[in-house]
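Here is a short briefing for a first look.

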Amino acid sequence: MIALHDRPSPNFDARPAGLAPEILVLHYTDTASLDESLAILLDPAKQVSAHYLVDEDGTIYRLVDEDMRAWHAGKASWRGLSDINARSIGIELQNPGHRCGYRAFADPQIEATIALCGEIVARHKIYPRDLVGHSDIAPSRKKDPGELFPWDRLAMAGLGYWPGHVARRRRTVRDFGPGAADDAVAFAQRDLAAIGYGCPQTGELDPETADVLAAFQRRYRPWRIDGRLDGETHARARALRELINC
């Protein structure tokens, strides 16, 4: 068992009857300091919380009991499910974020996060596809935990998926930008929806689809985040769909 430091937040309520955690959501705090993060997450007037907060030195704070619903996801969806707070456990990672000077996550923080996620996944039998970032479930609103978060390291630890090793094929798809309508766009939309993203099925690269593509790229192709459908993005989406057999 990993060491936890209890800092109870008043910002929670009961999960609806019959719902249990099946999704694990990772966030960054988007704040300048740990003290600022705790002040927000423990303030009843803010009405925001998470189950855990992981500091940059690897210290893990337990804020809300896993049996209760923390308020971390906001308006979001995954696999067609809504009320993500009721179905999830939320982990905040201390980081300045894009608002305050985004930087790489410290090794002790990632090691602690991997250990914490491993225990949560085992305890609640959470499937790999349901380990997500805030930007995955709210692509038009959120960027966290962002392109510097090492999702590949988590996948190497058996947490989630990383399609990079099989995604260098099918790169003949030409680059589609805003407003493009093509079978390739429709195929990509189907792949993204099958993975879990709330993606339109219009066959057109509309603004909402661009947001989903950017969220996908932020996680699985972080060196180029532009919301366009190019061959590499298409290949990675198809590879990930095949990895999760959906």
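Contact means heavy atoms within 4.5 Å. Axes are lines fitted to C-alpha atoms, for helices over the stretch in contact, and angles run from 0 to 180 degrees between N-to-C directions. Helices (H or I, at least four residues) and strands (E, at least two) are DSSP runs, numbered from the N terminus. This is a predicted model: local features need pLDDT of at least 70, side-chain atom pairs count only at pLDDT 80 or more, and totals for chains, interfaces and linings use all residues. Residues are numbered from 1 along each chain as its sequence is written, and side-chain values use heavy atoms, without hydrogens and water.

**Sheet**
- Six strands form an open, mixed sheet in the order β1-β5-β4-β7-β3-β8; two strands pair if DSSP finds at least two bridges between them.
- Its edge strands are β1 (5-6) and β8 (131-133).
- β3 (residues 23-28) and β7 (residues 88-93) are parallel, over 6 bridges.

**Helices**
- α1 (residues 34-41) lies across β4 (52-54), β5 (60-62) and β7, at about 175° to β4.
- α4 (residues 107-124) lies across β3, β4, β5 and β7, at about 175° to β7.

**Cavities**
- On a 1 Å grid over the protein atoms alone, a cavity is a set of points where a 1.4 Å probe fits but cannot get out; lining residues have an atom within 4 Å of a point.
- Grid points are joined across faces, edges and corners, and a volume is the space filled by probe spheres set on the points.
- The structure has 2 cavities of 30 Å³ or more.
- The largest holds about 70 Å³, and its lining includes W78, Y161 and R219.

How values were computed: On a 1 Å grid over the protein atoms alone, a cavity is a set of points where a 1.4 Å probe fits but cannot get out, and a pocket is an open set with protein on both sides within 12 Å along at least five of seven lines; lining residues have an atom within 4 Å of a point.
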